[in-house]
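The following paragraphs lead through selected side chains of one structure. Please keep the sequence and the model in view while reading.

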Amino acid sequence: MPTGQSTTSHSNKTAILAIILISYVMIVLDISVVLTGLPKIHHELGFTDAGLAWVQSAYTLTFGGFLLLGARAGDILGRRRMFMVGMAIFTLASVAIGASQSSAWMLAWRAIQGLGSAILAPSTLALLQTNFDEGEERIRAVSFYSAAAGVSATVGLIAGGLLADWLSWRVGFLINLPIGIAMILAARAYIPETGKRPGAFDVPGALTSTIGMSALVYGFIRSAQAGWDATTVAILLSSIVLIGLFVLIERRARQPILPLRLFSDVERSGAYGARVLYLAAMVGFFFFTTLYLQEVAGFRPALTGLAFVPATILHVPIAMIVPRLIHRFGRNTVLVAGMLIGIIAMGWLSRAGVGSDYWSAVALPMILIGISQGLTLSPLTSSGVARVDHSDAGAASGAVNVAHQIGSSVGLSALIAIAAIGSAGLSGADLTAYRVSHAFDAGTVMLILGFLITLTTIVPSVSNANSAKRDEASTACAADA
């Protein structure tokens, strides 16, 4: 069977896409729904100021650390099977979080929820890749997938704020119970199993990648809280050693969890790097804009959530027409335009300060952020799984999600550390405004670096691939003649 060719019947593809999208929305939604509810969580569960950061960090540590193992499990044990296992863990953890009576209980189950996401996230993208044919059909499916990610991040902020003000932050987690059960039953009914593959787990690779990734995330998070002391430096150096050891193991492993051949393709490697930088800036946008709106502009949680609406106004329609835009203008043009718009928007946001007008300083660049995400995420995802054989689908989707998670966790922690530089002597709204502005400056630099990677890796690769297709078509026409 040709690489990337699906055997899924056409009648089941709509149901499969719906299952994939709803499941992915659940993952992204739970990352963002917490943010605007953090003040209420802080008060109800007795978190310390420093401990509150671990509501997100406990999740991202296990999510990022176990992603590659989760992706490999899908390749070996069957992707539908692991999808259902991941959804079951995620749903159980959501209910336990919603019932939390202490900070320790919540953090423990947030970590378990991250494990569920690490199994579930690569399964969703791998199922998308194996059930939709490469070309326009997959581009359309990936566009929906990318739109779901961007929109649910913002919807999570809105819902989190509204629920925290009107009902309880717990509702955002408890609602996952009926949805999770429905998705497990639907997956069993509609998604074909890929079957078990002979082989064994790469245990040394799994351990070194998981511990190394977790140490890297923890080191950057700690640097933002405790500074660059000897412990932080030691943790980061240890993570580098472990990641280096992981690469050596993968070079020799017969069945690696992350085949290094994925990085032999310049387009895929560039897509991973650009995704890390792009997501770091975009997650920074959500985090620091939330701080700005509540601590500088004085918005309540519900109003803070609603203030993110401009970021979604054009995101959905833009993401939906991306396949047509790509068909008309080409993937390179759409991706370059999306990244340039993001750079402009982030630079604009960095000018917001104490006394700035919401509409001109925040809302207008938010609209550009939504457009940028709608144009950029789908092409980056397509490039991240370009020309991957079905046997490596889980590993490739795991690499895409790892890049996403590194940007979300390590990138955000780096922005927090950068934002604190030079802020001594400031307090209150002035301190927050200073840190937000510097974080957005750093985010702009990240987007510029991601843009340069795109220009030097993805753009030439896509252009060469398109030229090869035109040559093949010309040769076929000449032969027919």
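Apart from its neighbours within four places in sequence, R110 is in contact with D30, V34, V55, Q56, A58, Y59, T62, I97 and F173, where contact means heavy atoms within 4.5 Å. The model is predicted, so local features need pLDDT of at least 70 and side-chain atom pairs count only at pLDDT 80 or more, while totals for chains, interfaces and linings use all residues. Residues are numbered from 1 along each chain as its sequence is written, and side-chain values use heavy atoms, with hydrogens and water left out.

R110 itself belongs to helix α5 (residues 103-131); helices here are DSSP runs of H or I with at least four residues, strands are runs of E with at least two, and both are numbered from the N terminus. The relative accessible area of R110 is 0%, and the residue is therefore buried. Buried denotes under 20% relative accessible area, exposed over 50%, and partly exposed the range in between, with a 1.4 Å probe and protein chains only. One of the contacts of R110, A58, is 52 residues away in sequence, yet the two C-alpha atoms are 6.0 Å apart in space.

Which partners does the side chain of R110 meet through polar atoms? A polar atom of this side chain lies 2.8 Å from the backbone oxygen of V55, and a polar contact of 2.9 Å joins the side chains of R110 and Q113. A polar contact is a pair of N or O atoms within 3.5 Å; within protein, one atom must be able to donate a hydrogen and the other to accept it, and residues adjacent in sequence count only if both atoms are side-chain atoms.

Another arginine, R80, is found in helix α4 (residues 79-98). A polar atom of the R80 side chain lies 3.2 Å from the backbone oxygen of R188. Beyond neighbours within four places in sequence, the contacts of R80 include L127, A187, I191, P192 and E193, as well as R188.

The account now turns to charged pairs. Side chains of opposite charge can pair when their charged atoms come close. A salt bridge is counted when a side-chain nitrogen of Lys or Arg lies within 4 Å of a carboxyl oxygen of Asp or Glu, and by this rule there are six salt bridges. One of them joins R331 to E267, with the closest N and O atoms 3.0 Å apart. This pair links distant parts of the chain, since R331 is in helix α15 (residues 331-349) and E267 in helix α11 (residues 266-296), 64 residues apart. With 18% relative accessibility R331 counts as buried, and E267 is buried at 0%.

E267 also forms a salt bridge with R387, and here the closest N and O atoms are 2.6 Å apart. Because R387 lies in the loop between α16 (358-384) and α17 (393-420) while E267 is in helix α11, the pair ties together parts that are 120 residues apart in sequence. R387 is partly exposed, at 41% relative accessible area.

A further salt bridge is made by the side chains of D441 and R351, at 2.9 Å from N to O. D441 is in helix α18 (residues 428-480) and R351 in the loop between α15 and α16, so that this pair also connects distant parts of the chain, 90 residues apart. D441 is partly exposed at 29% relative accessibility, whereas R351 is exposed at 56%. Through shared partners, salt bridges join D265, E267, R268, R331 and R387 into one network.

Aromatic side chains form the next topic. The structure contains nine aromatic pairs. Rings of Phe, Tyr and Trp (its six-membered ring) pair if their centres lie within 6.5 Å; planes under 30 degrees apart are stacked, over 60 edge-to-face, and the rest tilted. The ring centres of W169 and F173 are 6.3 Å apart and the planes stand at 80°, so this pair is edge-to-face. W169 and F173 are both buried, and F173 is also among the contacts of R110. The rings of F285 and F286 have centres 4.9 Å apart and planes at 55°, and the pair is therefore tilted. Both F285 and F286 are buried, and together with F308 they form one aromatic cluster.
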